[in-house]
Amino acid sequence: MTQASPNRHALPSPLIAVLASLVLAAGGVVRAAESRSTIAAPVFGGEPGAQDAPVAPKDSAPQPVKPALPEGMKPYDITIPGTEVVIRMVPVPHPERPYWLSATEVTWDAFDEFVFEDMFRPEDFAKMKGPDAVARPSKPYIPPDRGFGHEGFPAISLRYQSAKNFCTWLGKKTGTPIRLPGEDEWEYACLAGAKGPYAFDPKEAKKHAWFYEHSLKRPVDPNEDPDFHERGSQPVGKLAANAWGLFDMHGNAAEWVDGRDGTAVLKGGSWQDDVEKLVVTGREAWRERWQMTDPQIPKSQWWLSDGPFAGMRLARSWKAPKADAAGSKGDAPGAKPEKEHEKVGEKKDPEEKKR
């Protein structure tokens with residue numbers, strides 16, 4: 001049996017002991033550093049927008065303070081009765097009159113239930129008669145999603161009346177008053193405490209918003225002109241949310257709101273706009289050219305034949321303990337009591353003839 005020869009390069013035992021002690025000491029320093037890093041790191045999870053913010057460097061701007069929510073006000077889900085469609089509602093922490101907005105734009109999954117209820121669930125449709133009846137859009141003669149995508153994509157090509165009636169219908173279905181946002185409350189929620197004109201650093205726009213440069217439906221061939229590539233809306237909730245858990249407030253689908261001047265306007269810009277047009281103060285009223293190819297006479301009050309960018313988001317007021325003299329139950333700033341909300345409507349953009 002062959003015996004192994006001694007290792008001529010082996011280190012003396014005392015030296016091994018010294019080196020081992022140094023390694024252990026170094027390991028302790030590393031673990032201590034890792035431990036400090038873990039303690040200082042922000043903890044994520046829980047309610048959208050409720051994560052702890054990392055400690056800001058001394059030379060950075062102070063972080064916006066998030067107002068406290070009333071006791072019991074938290075995110076919740078609306079499930080359309082008789083379906084599996086769920087809409088997430090997120091609280092907006094205004095210091096005087098908080099409210100909820102839907103975390104994402106309303107998708108086709110939800111809007112189809114409104115338009116096609118007579119086909120999907122005729123027994124439920126039959127119940128919506130008399131005082132519960134809600135006028136709903138005519139069946140579209142062309143696919144209103146324009147082939148961009150359907151399930152999980154924002155409902156688009158909507159006129160203001162379609163968006164408004166969807167809110168009324170959903171409120172009756174669920175027993176919860178649902179409405180469109182007011183313009184002031186939309187802007188407040190969009191920025192989520194930021195100073196504007198965006199809720200994010202413009203240099204990181206592609207992480208937060210879908211806009212013209214960022215809305216390609218397929219990869220660009222370097223040999224092709226990118227202006228001829230198909231662009232369109234994108235699935236909701238795929239990019240980063242703002243600080244309060246709201247997705248796609250800038251871009252993707254522009255959103256109908258009740259304007260502060262009594263005009264229904266679109267806010268936020270859309271997938272077909274340049275990023276410069278996604279600023280929080282941007283607004284656009286209905287234009288005739290959005291229905292240029294609509295063959296109906298008069299034009300549809302429900303669909304925009306040439307407006308594949310117009311969508312919507314839901315709002316709900318926080319119910320105050322007592323109703324005020326006007327009958328408003330805690331409507332958010334910029335919103336009006338329901339009776340006044342009903343007076344809001346589409347008005348032709350005064351700049352239309354100048355273009």
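Me: What should I know about the model before we start?
Reply: It's predicted, so local features need pLDDT of at least 70 and side-chain atom pairs count only at pLDDT 80 or more, while totals for chains, interfaces and linings use all residues. Residues are numbered from 1 along each chain as its sequence is written, and side-chain values use heavy atoms, with hydrogens and water left out.

Me: Why is Pro154 called buried?
Reply: Buried means under 20% relative accessible area, exposed over 50% and partly exposed in between, using a 1.4 Å probe and protein chains only. Pro154 has 1% relative accessibility, so it counts as buried.

Me: Where does Pro154 lie, and what does it touch?
Reply: Pro154 is in the loop between α4 (122–127) and α5 (160–174). Helices here are DSSP runs of H or I with at least four residues, strands are runs of E with at least two, and both are numbered from the N terminus. Leaving aside residues up to four places away in sequence, Pro154 touches several residues, including Trp108, Ser233, Asn252 and Ala253. Contact means heavy atoms within 4.5 Å.

Me: What makes Arg313 buried?
Reply: Arg313 comes out at 0% relative accessibility, so it counts as buried. You'll find Arg313 in the loop between β7 and β8 (315–317).

Me: Which backbone oxygens lie by a polar atom of the side chain of Arg313?
Reply: The backbone oxygen of Ala103 lies 3.1 Å from a polar atom of that side chain, and the backbone oxygen of Phe247 lies 2.6 Å from one. A polar contact is a pair of N or O atoms within 3.5 Å; within protein, one must be able to donate a hydrogen and the other to accept it, and residues adjacent in sequence count only if both atoms are side-chain atoms.

Me: Why are α2 and α5 called roughly perpendicular?
Reply: The axes of α2 (residues 108–115) and α5 come within 10 Å and cross at roughly 80°. Angles of 65 to 115 degrees count as roughly perpendicular, under 35 as roughly parallel, over 145 as roughly antiparallel and the rest as oblique. So α2 and α5 are roughly perpendicular to each other. The axes are lines fitted to C-alpha atoms, for helices over the stretch in contact, and angles run from 0 to 180 degrees between N-to-C directions.

Me: Which residues make that contact of α2 with α5?
Reply: Ala110, Phe111, Glu113 and Phe114 of α2 meet Ser162, Asn165, Phe166 and Trp169 of α5. By class, the contact has five nonpolar, two polar and one charged residues. Ala, Val, Leu, Ile, Met, Phe, Trp, Tyr, Cys and Pro count as nonpolar, Asp, Glu, Lys and Arg as charged, and the others, Gly among them, as polar.

Me: How do you know that β4 is mostly covered?
Reply: Five of its five residues are buried. Ala254, Trp256 and Asp258 are on one side of β4, with Glu255 and Val257 on the other.

Me: Which strands does β4 pair with, and in what sense?
Reply: β4 pairs with β7 in the parallel sense over two bridges, and four bridges join β4 to β5, which run antiparallel. Two strands pair if DSSP finds at least two bridges between them. Glu255 has Gly311 as its bridge partner in β7 and Lys267 in β5.

Me: What makes β6 and β7 edge strands?
Reply: Their open sheet has four strands in the order β6-β5-β4-β7, with mixed pairing. β6 (283–285) and β7 (310–311) each have a single partner strand, so one side of each is left without a neighbour in the sheet. β5 (residues 264–267) is joined to β6 by three bridges, and Leu266 stands opposite Glu284 in β6.

Me: How do you know that helix α6 is mostly covered?
Reply: Seven of the nine residues of α6 (residues 183–191) are buried, among them Trp186, Cys190 and Leu191. The buried residues of α6 pack against β2 (86–92), β3 (99–102), β4 (254–258), β5, β6 and β8.
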